[in-house]
Amino acid sequence: MNSVRRRASILALALLSLALVAPPDAAAQRERRPAATEIDLADLDAHVGFVSDGAVFVDQRSPKRSLTKDEREVDRVALLDGAIARAKAEGRLVLWYVPRIVENELRGAQMYRAPILDLYCRQVFFCDADVDSILATRFVPVRCTVDEALAAKYELRPLDVIEPMFLVLDGDGNVLERIDRVRSFDPLWFAEWLRSAANAHQPASGSDDPVVLAERGEWERALELTTADDDAGHLARARLLYLLRRPDEALAELDAIGRQRGEANTLRGRILVAQGRYADAKAPLMAAASARDPEAGYLLAHVLLASGDEAGAQRRFAFVAQNFPETLAGKRALANVHLGRDELPAGAAFCGYENLEYLPAAAYAPGAHDTSWRGEPVDSDTMRRRGVHFLLRMQRDNGGFTDARYAYWPDSSITPNTWMAVTALASCALLEHRDVDPDAVDAALLRAEAYMFDPARLNRGSNEDVYADAYRLEYLVRRAEQDPDTAKLQERRMRDIVAAAQSRQESSGFFAHEYPNAFCTGAMLEALLMARRAGVPVPEGVLGRGADALESARTTEGAFVYGGAAQGGGGSVKDAAGRMPLCEAVLLQLGRGDRARLDFALDNYWATMPRMEKVRRNDFHSDGELAGFFFFHDLYHTSQAIRLLPDEVRAGHAKKLLEVLRAVPEFDGSFVDSHEFGKSYGTAMALLVLANVR
C-alpha cells in the first residue's frame, strides 16, 4: 500500500473513533485503543532538505537519552563544518536546528520528552510556506544533535541552553543569533526571526523582482515594488501587508478585488484569524475550503477549535491530511490527527502550542533568546486579561481543559485525573478573575462544572487522584463564597470529596499522587482546611494523621524529603525549597509548626528561586530534585502560605511573587513550566498567584 493510501485508510478509521481526541476518561479505560504509531511523520519536514546527523529521538515511555552506537560514530563537527563551508561558498547563512542535546555532563537527562517539542517545531515552523521560502533562499539548514564535541566547541551546555534550540552561523562558523527554550510555536514569529537574522547579517539581494524579494523575506522592498494594477497585484500586496502585520491595509487591498474567491478568501480568513476575529474568519474560510483549498481547511479547523468545536476541528484536520497529503497544510494537519504514545493528538494545535494570532509588537523585535515576553514588564491587569482570554480559548467542547500531556506514569490511565485537576485550577482562575469578561466566564464555568462533577471523567484509584480532589475542593470553596445561591449544592459536593479523601489517606497519614509524599499531602490538607473554614466537617483524624505524616517527612535541617518519611540525615534544603513553604504553612495551621519555620522555608525558597527558574521549562529533574513541573505548583502554594503572615511581612513576599510572574509570561500571554502539564495549567496557576498577591 503506498503512503497516501496508507494515510487515507488510517485516517478513515480515526474518523470513526471518537476516542481520537476525546479524553481517555475512566469509562473509556475498558476499551483501550492502540496508539496509531504506524502513521509515519518522519518525512514531515523532508522538503526542507536538512543537512542531518540522522539521529532519531521518538516520544516513548522509556525515553531515549543517549545516541546509539551508529549515531555516536557520526562526526558532527565535520558535518557542521561542511555546512558552514557550503554556506560561505553560496553566500548564505547556516540555520542549525538542535532538537536534542546529549553531551557528557547531563547526558540528555535535562529533558524527558523533548521529541514532543521537536514535532511542534517540524509541524508549525518547517511546514510554514514563508519559513520554507526564507530557508530555501538564504540558509543552509542543518538538523544536528549537540554531542560532546559540539558542546565543547560552541560552549553549549544544559542548563545554560535547553532544546529545542536554533542557531544562526555565518560562513566562518561564528554564532550570530540563538534562541532556545522554545515553548510557544508561532510560524509568523519564526519567519520574522529568520528574516531579521538574514537581513542583519547578509547584504540585500539588490533584486527588483518583488516575487524574489518576497521569497527571501525582504517584504518591505517587495511591497514597494508591487503595484495594485489588477486583482493579482492587490492579492500580492495584501499578503505582504499581512506578513508585515498591517492587517487593516491588507483587508483594504482584498476589498479592491472584484470577486472574492480562492486565494483571496483564504488570505482574508488568515488575516482575520491573526486579528483574533475567529467568527468573522469562518465564512471566507468555509468558502475557500469548499473550493478545496488545503490552507483554508487547516485554518478553518483552528477557527472551529477556538470556538470550542473540538470534534469539528478534528474532522477538518483529518480531511485536509487525507486529501492533500503532499501539501504543507496537509502535513501540518497530519500531525494533528496522528496519535502519540500518550494516545493524544501529537501535533501542536489541540494542546494550545500553535499560535496563529498576531503577537504584541515587542515579540517581533530583533534579539530574541527564547519565547518569553520581551517588552516592558507586564502589569497585573494585562496579565489578567491575556490569561483569562487564553484560558477561554483553551476550554474544549466537553467543558474540560484537556491539553496536558502528562500521561506515562504508569500509562495514559493517569490522564483523566490530570485533566480533572487542571480543569479545576482553570475554573478557580476564571472565577477569581471573572470581572475580565463576566458573561464568557459564567458560560465557561457552567460547562466546566458539568465536566468536573461527572464521575465518568475520573479514573478513581489511579495516579493524580489526590490533585483532582484537592483542586476541585478549592474551586467549590471559592464558588460557594462568590455565589451563595449555590452554597448548598457546593457543600454537598465538598462533603463527597472530603469522604473520598478520607478513604484514600494511607495509614501513615500521607496522601499519594504516584507515591506517598509531603507535597501532595500538603496540597490535600490545605484544601481540606479551606473546606473546614467554609463550614464543611472534616474529620480531625484525617488532619491529625496528615500532620503526623508531614512532621515525619521533615529533616533535621528543615527540608521535607521527596517521598515518604525522612530516614535521618539533614536532607537538602535546595532540593526541598519549593515544597517547604506549603508544608510549613499547613503544619502551622494545624498547630504543629511555628512562624520561625515558615520564615526559614520562605527565605530558602527565595534563595533557591534562580535555580528553580533555570529549570522551569524543563520536563525532568534537571538539578537534583528541582524540576520544571514543580515551578507553578510551588509558586501557587507559596502564595497561599504567605496569607498566614502579618500584612507588612506578607507584602514583601507578595511583591517578589508578582516580580516572578512579570518575568515569565510567554509572548502569547500564556504561562508554562513543563510542556507536559500544558499552558492551561501554567496560565491558571499564574492567575491564581496573581489573585493571592493583589
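Contact is taken here to mean heavy atoms within 4.5 Å. The structure is a predicted model, with an average pLDDT of 92 for the protein and a score of at least 70 for 94% of the residues. Over residues 1-39, by contrast, pLDDT stays under 50; for this segment the model has 69 contacts beyond four places in sequence.

In the contact of helix 15 with helix 16, Q314, F317, A318, V320 and A321 of helix 15 meet A329, G330, A333, L334, N336 and V337 of helix 16. The residues of this contact comprise eight nonpolar, three polar and no charged. The crossing of helix 15 past helix 16 is left-handed.

The model also contains an open sheet of five strands, in which pairing is mixed and the strand order is 1-3-2-4-5. Strand 1 (51-52) and strand 5 (175-179) form the edges, each pairing on one side only. Strand 1 runs parallel to strand 3 (residues 139-143), to which it is joined by two bridges; V51 has V142 of strand 3 as its bridge partner.

Helix 3 (residues 76-90) lies across strand 1, strand 2 (93-98), strand 3 and strand 4 (165-169), and runs at about 170 degrees to strand 3. Helix 5 (residues 129-138) packs on the sheet, where it touches strand 2 and strand 3; the direction of helix 5 makes about 110 degrees with that of strand 3.

Key
Residues are numbered from 1 along each chain as its sequence is written. This is a predicted model: local features need pLDDT of at least 70, side-chain atom pairs count only at pLDDT 80 or more; totals for chains, interfaces and linings use all residues. Side-chain values use heavy atoms; hydrogens and water are left out. pLDDT is the predictor's confidence in each residue, from 0 to 100. Two strands pair if DSSP finds at least two bridges between them. Helices (H or I, at least four residues) and strands (E, at least two) are DSSP runs, numbered from the N terminus. Axes are lines fitted to C-alpha atoms, for helices over the stretch in contact, and angles run from 0 to 180 degrees between N-to-C directions. A crossing is left-handed if the near helix is turned anticlockwise from the far one by less than a right angle, and right-handed if clockwise. Ala, Val, Leu, Ile, Met, Phe, Trp, Tyr, Cys and Pro count as nonpolar, Asp, Glu, Lys and Arg as charged, and the others, Gly among them, as polar.
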